Amino acid sequence: MRLNSIKHAFGPDGGRISVRLVGGIGYGEARSTVSDNGRGIQNLNENGSGLKLIASLARQIGGAVDQESSERGTTTSLTFPLMT
């Protein structure tokens, strides 16, 4: 998975990206979270395929995507079942 944080979030001074995987979120679920401390989503492209593709793939495995963004950074989480 290519991290959009690397391409879009940071200026020339760089920044921080955090990737976490936690099991035991609810019964039989896990959560994968990617966070950055970049500038946040400035111009969301409603016609772009990136987030639509992620949401579609998440649904295929019974998961769900949640995203929060502000001027302090962006966090994208995927919650998914461990067993089907």
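**The sheet and its helix**

Reply: Helix α2 (residues 50-60) lies across β3 and β4, and runs at about 145 degrees to β3. This is a predicted model, in which local features need pLDDT of at least 70 and side-chain atom pairs count only at pLDDT 80 or more, while totals for chains, interfaces and linings use all residues. Residues are numbered from 1 along each chain as its sequence is written, and side-chain values use heavy atoms, without hydrogens and water. Helices (H or I, at least four residues) and strands (E, at least two) are DSSP runs, numbered from the N terminus. Axes are lines fitted to C-alpha atoms, for helices over the stretch in contact (heavy atoms within 4.5 Å); angles run from 0 to 180 degrees between N-to-C directions.

The sheet that contains β3 and β4 is open, with four strands in the order β1-β2-β4-β3 and antiparallel pairing. β1 (17-23) and β3 (64-70) each have a single partner strand, so one side of each edge strand is left without a neighbour in the sheet. Neighbouring strands are turned by 10 degrees against each other on average, direction ignored.

Strands count as paired if DSSP finds at least two bridges between them. Strand β2 (residues 29-36) and strand β4 (residues 73-81) share eight bridges in the antiparallel sense; for Arg31, the bridge partner in β4 is Thr79.

Of the contacts with a separation of 6 or more, 51% join residues 24 or more positions apart.
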